[in-house]
Amino acid sequence: MFKTILYSVFLLLGIAIQAQSTKGINFQKLNLEEAKNLAKKENKLIFIDVYTTWCGPCKLMKKNTFTDDKVGELFNKNFISLAVDAEKEGIGLAKEFKIVNYPSFLFLDKEGKLVQYDFGYYNATQFLQIGSSILQKRMSQNDTKSIDQVKGKMVGEKVENFTAKDQLGKSFSLSAQKQKIILVFIRGQWCPYCNKYVKELQDLSPELKSKNTRLVIVSPEKPEFIKKTIEKTGTPYTVLYDEDYKIAQAFDVLYTPNKETLDFYNSKIKNDFTESRSDHSGRLPVSATFIINENKEISWRHFNPDYKERASLEDILKQL
């Protein structure tokens with residue numbers, strides 16, 4: 001009996017230690033070449049903390065900042081993270097990048113080229129902002145579009161299969177649907193225009209069954225925020241979490257707001273905006289509506305970059 005209790009204690013202790021070890025940034029034991037290969041494989045950037053054992057701010061970063069849950073969530077999802085001692089294994093790195101201040105932070109692309117350099121002590125909130133700005137810079141350098149550049153899928157275009165989890169955690173697959181689909185993109189539960197429109201869409205419900213049609217809402221927000229959408233609107237429809245914006249990209253409705261708009265959202269909406277989506281890029285979908293027929297083709301669409309303008313219920317019904 002005593003052995004069983006003792007075993008249970010050690011098991012629980014081991015679980016607790018493991019949980020602690022995964023808190024914050026997961027620094028991997030890799031050299032730069034290995035990190036570059038992994039970054040290419042996982043489509044991530046590389047973050048390197050260059051420290052020394054005698055540096056006070058380095059120790060504070062390790063104790064206070066790198067252990068923060070939100071910092072860990074952002075960096076583990078988007079970066080391959082390394083920590084190197086500038087006076088040991090990091091001598092060559094410090095020389096290459098002419099590092100004289102500690103701690104120094106190197107943000108590299110998957111080829112090992114410098115994206116941004118920074119140094120000094122930052123608290124968790126400040127370092128989270130640095131990481132987020134790096135990701136926004138990366139998006140702007142890649143295939144991120146402005147709102148004027150997105151055009152939306154056109155009538156007659158074929159829709160490739162996509163899958164996503166709904167608000168109940170169930171998997172939705174377009175290819176498995178035998179009826180027409182009304183696909184409605186929303187920006188999130190923080191958007192009053194989206195909430196108002198989702199409520200209005202409930203008036204379509206009595207007509208849909210007779211017209212062999214299912215209405216599906218696509219949100220870029222995580223499940224806990226989709227729950228807020230349902231609480232605010234009372235919608236009975238399927239709401240899909242568009243993780244990593246895959247559906248929005250496929251329908252060419254994904255864009256990055258300009259800096260002024262992003263600064264406004266980040267300052268006014270705060271966590272409901274910055275923490276709600278699968279990354280901190282600030283990207284959003286145009287509030288578009290598409291009707292997909294049984295052959296998985298776009299038969300009708302409403303696409304207006306102005307988020308205040310939505311497809312009317314009358315126009316939707318006419319097309320079913």
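User: Happy to look at this predicted model with you. A polar contact is a pair of N or O atoms within 3.5 Å. What makes Asn-31 a cap for the N-terminal end of α2?

Analyst: Good place to start! A side-chain oxygen of Asn-31 lies 3.1 Å from the backbone nitrogen of Glu-33. The limit for a polar contact is 3.5 Å, so an oxygen and a nitrogen at 3.1 Å fall within it.

User: And what happens to phi just after α2?

Analyst: There Asn-43 takes a positive phi, about 55°.

User: Why are Ala-35, Lys-36, Leu-38 and Ala-39 called buried?

Analyst: Buried means under 20% relative accessible area, so these four residues of α2 (residues 32-42) each fall under that cut-off.

User: What do the buried residues of α2 pack against?

Analyst: Their partners are two strands, β1 (45-51) and β2 (79-85).

User: Zooming out, how much of the protein chain counts as buried?

Analyst: Of its 320 residues, 48% do. The chain holds 13 helices and 13 strands, and its C-alpha trace spans about 70 × 60 × 35 Å along the principal axes.

User: What share of the contacts between residues at least 6 apart in sequence joins residues at least 24 apart?

Analyst: In the protein chain, that share is 72%.

Notes. Residues are numbered from 1 along each chain as its sequence is written. This is a predicted model: local features need pLDDT of at least 70, side-chain atom pairs count only at pLDDT 80 or more; totals for chains, interfaces and linings use all residues. Side-chain values use heavy atoms; hydrogens and water are left out. Buried means under 20% relative accessible area, exposed over 50%, partly exposed in between (1.4 Å probe, protein chains only). Contact means heavy atoms within 4.5 Å. A polar contact is a pair of N or O atoms within 3.5 Å; within protein, one must be able to donate a hydrogen and the other to accept it, and residues adjacent in sequence count only if both atoms are side-chain atoms.
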